[in-house]
Amino acid sequence: SYRYRSDSDVLQNEDEIFHHFALHVDHEATANTKLRLDNIFTYTDDPSISEGAVFRRNASYIRNIVEADVAHAFTPLTKADLHGLFAIKRYDDSDVADESDQDEYRATLLGTRQISRTALIRVQGMFRHYEQDSAIGINRDFDVARASGGFKKLFSPEFSAIFDVGADFV
């Protein structure tokens with residue numbers, strides 16, 4: 001897509017180009033097991049600005065997200081979903097990249113048990129690891145672990161709500 005700003009300020013470009021490509025693959029491996037693979041690639045063209053005393057470096061980058069999912073029904077009422085994600089963000093400008101390139105890894109396991117025609121209980125565990133570059137050697141990487149539980153309520157075929165409580169550990 002293309003963005004044009006007729007009234008951009010000194011820190012904005014008048015025009016920017018955004019590219020987005022997505023691939024979604026779903027496969028029913030068995031009657032009880034479904035597989036999903038997604039890839040989303042984004043390129044943002046955000047060139048530098050040098051206008052008088054204002055200077056902003058080139059902020060163009062690529063972002064690629066790969067997600068995989070395995071959903072299995074052990075019984076009609078008991079299901080599990082294992083989800084993984086790997087994402088990268090890479091800047092074109094090497095000085096920006098030295099401080100801003102990012103990696104993310106995530107794994108999530110969700111278990112559900114239907115307790116009535118309109119409600120199910122949920123238990124979820126998630127682990128997430130972030131890495132972000134630093135030109136001066138500061139360790140900006142961190143991990144997050146989450147444990148949660150709750151329930152999902154179906155109020156109508158078009159409306160449902162999930163109520164979860166849990167804790168994040170950083």
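Eight salt bridges are present in the structure, a salt bridge being a side-chain nitrogen of Lys or Arg within 4 Å of a carboxyl oxygen of Asp or Glu. This is a predicted model, in which local features need pLDDT of at least 70 and side-chain atom pairs count only at pLDDT 80 or more, while totals for chains, interfaces and linings use all residues. Residues are numbered from 1 along each chain as its sequence is written, and side-chain values use heavy atoms, with hydrogens and water left out.

One of the bridges joins arginine 36 to aspartate 38, with 2.2 Å between the closest N and O atoms. Aspartate 38 is buried at 8% relative accessibility, whereas arginine 36 is partly exposed at 25% (buried means under 20% relative accessible area, exposed over 50%, partly exposed in between; 1.4 Å probe, protein chains only). Glutamate 104 and arginine 106 also pair, at 2.9 Å from N to O, and a network of salt bridges links Glu104, Arg106 and Arg128. Within it, glutamate 104 is buried, with a relative accessible area of 9%.

On the surface, Asp98, Asp133, Asp141 and Asp143 form a patch of negative charge. Patches are made of residues with over 30% relative accessible area and no salt bridge, like charges being joined within 9 Å and nonpolar side chains (Val, Leu, Ile, Met, Phe, Trp, Tyr) within 5 Å. Aspartate 98 is partly exposed, with a relative accessible area of 39%.

A nonpolar surface patch of about 600 Å² is built from Ile115, Ile121, Phe151, Phe155, Phe159 and Phe163. Isoleucine 121 is partly exposed at 40% relative accessible area.

Methods:
Areas by Shrake-Rupley, 256 points an atom, 1.4 Å probe, with all protein chains shown as cover. Lys, Arg positive; Asp, Glu negative; His and termini not counted. Charge placed at Lys NZ, Arg CZ, Asp CG, Glu CD.
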